Amino acid sequence: MEPQLGLHELLHVFSFLEARDLLCAAQVDKVWNEVSRTKELWRQLCLRRWSSCKDSQITLGTQTWKQYYLCRSELEFRVESGRPEKDFVCKVIAGHKGEIDELAYISTNEYRFDGQAKSVACTVSSDGTVRAWDLHEGTEIWSSPLQPAALVNLVAYPRLQLVVTVDERGLIKVWEAENGWESASFCLPTHSSALEACDHTEGPVLLAACADGALYTLTVPRLQLLSRVSVSPNLPTSLLCSPDRQWVFALTQNSDLGPKVFHTRSLLYPSDDVPPVSTTLPVRLTSRACWAPDEAARLVVMHTNDNGIQLVVTTCELRTKKSRDGVDMLVQQIASFVLPDTMKPPHLMKGHSSQVILLVSGSELVLFTIHGLQLAVFQDHQKPITSMWVDQSRVITSSFDLSLRVYVWNKDNKFPVLKSCYHLLGGSHRWASGFTHVESDSMSIVGVEARSVGTSILRSYYFQVQQG
């Protein structure tokens, strides 16, 4: 066959092969080896396997498409198999003299295997400092000066390399992620009940919910006030931005006031005569909410039914419609179901893809479709689950039992199926009370471990993959 095939014909045949077959073809002779290494063949393999893969991720550093494919495949295998003695190292990172209240990555979530990428996280603590950590090296990068009050929350803008914190008195500050320098501040009239980073297409903004029920929209990095809107008078509010940053969900938990959804752009360009574009959802006593990550405007809320007894999960889709007076917001209910009476009220809720909801009730992790079909129940933890992290490939839970549980998605079926893989252990029960937070990026997992002496440490698990 070889004498009858030129390089172009051979390349066309190779375009139908999978990675394993290409590697075998490379062993035939010099010509086949050269064709099998063609950039476009490996690029198409990457795009078919990882739809979110972008050119920008592969042109950085010295990676080739072939190296990227082989290294990322190896990483995913190791993440799923979980062999602690071979595949990752655990670093115990201490420095805070108080409890860590919040954790966020400030490194971008890119897959890079040229030795240049770092996993960097930031934390705030009751000791009045914000600190940055190199999770691979297990070292502190910088620490802020001691602040006048305990820091209680933070959000990160990885693209801008900025961190924003707020203390218990409502003082907001912007920090440069590279060196910890303070660059701006803004003082709320009272303490904050929520912060949300919104990297909008028309410019990054910070959303801050005040304990008096007001929603503040501030520019980033200068923290200039764009708008102030009353959401629920004298009631603390939580915030959730949609995946495309076009919508802001404002929830006052267990209130007879229905939760509100704002169109983000109307918060960026307020008018004295026209209030921001918003709507109030027709549900009561809402306790949890999440966005469907694969949909631009699909919102899932958990609330009580009309008699106030049963918990209901309702899924809505939002859209705007231009009218003679401006813009109207329309809400369409697309699904709803009642949670089983045998299930304790969930305290954590996340969305996956467009159809799957993850609920945490005590020590159980339960998966439903938006129409109420129960897909799976996991009872791996011995004590209550404290935090849950979800992305397209993994789910990680933390617990007071001093373990992090790792699950992997299998998307070969009609609905994604979650497989329990392994657990990562923390320290001794004598010195620690359990994990309180968990976060992850493409190369690492980090958990906040609360200590019995009133302090917290970080445990990072960094996956080792050599450049292909």
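Two strands are taken to pair if DSSP finds at least two bridges between them, and in this predicted model strand β27 (residues 394-399) and strand β28 (residues 403-410) are joined by five bridges and run antiparallel.

**Sheet β26-β27-β28-β29**

- The strands β26, β27, β28 and β29 follow one another in that order in an open sheet of four strands, and their pairing is antiparallel.
- The edges of this sheet are formed by β26 (385-390) and by β29 (417-425), each of which pairs on one side only.
- When direction is ignored, neighbouring strands of this sheet are turned against each other by 20 degrees on average.
- Within the pairing of β27 with β28, which rests on five bridges, Ser-398 has Leu-404 in β28 as its bridge partner.
- Helix α6, which comprises residues 65-81, lies across β27, β28 and β29, and runs at about 75 degrees to β29.

**Sheet β18-β19-β20-β21**

- A further open sheet is formed by four strands in the order β18-β19-β20-β21, and here too the pairing is antiparallel.
- Its edge strands are β18 (284-291) and β21 (326-338), each of them pairing on one side only, while the twist from one strand to the next averages 30 degrees.
- Strand β18 is joined by five bridges to strand β19 (residues 298-304), the two running antiparallel, and Arg-284 has Thr-304 in β19 as its bridge partner.

**Salt bridges and their surroundings**

- The structure holds 11 salt bridges, among them the one between Arg-131 and Asp-127, in which the closest N and O atoms are 3.8 Å apart.
- Glu-182 forms a salt bridge with Lys-173, with the closest N and O atoms 3.2 Å apart.
- Within that pair, Lys-173 counts as buried because its relative accessibility of 11% falls under the 20% limit, whereas Glu-182, with a relative accessible area of 44%, is partly exposed.
- Asp-212 forms a salt bridge with Arg-228, the distance between the closest N and O atoms being 3.9 Å.
- This pair links distant parts of the chain, since Asp-212 sits in the loop between β11 (203-210) and β12 (214-219), while Arg-228 belongs to strand β13 (residues 225-230), 16 residues apart.
- Asp-212 is partly exposed, with a relative accessible area of 23%, and Arg-228, at 47% relative accessibility, likewise counts as partly exposed.

**Annotated domain**

- UniProt lists residues 10-48 under "domain: F-box", and the entry from which this annotation comes is unreviewed.
- In the model, the span of residues 10-48 is 74% helix and 0% strand, and its end C-alpha atoms lie 20 Å apart.

Notes
Residues numbered from 1 in each chain as written. Predicted model: local features only at pLDDT ≥ 70, side-chain atom pairs only at ≥ 80, totals over all residues. Heavy atoms only, no water. UniProt positions renumbered as here; feature names shortened; annotations may be inferred. Axes fitted to C-alpha atoms, helices over the stretch in contact; angles between N-to-C directions. Salt bridge = Lys/Arg side-chain N within 4 Å of Asp/Glu carboxyl O. Buried < 20%, exposed > 50% of the residue type's maximum accessible area, 1.4 Å probe, protein only. Contact = heavy atoms within 4.5 Å.
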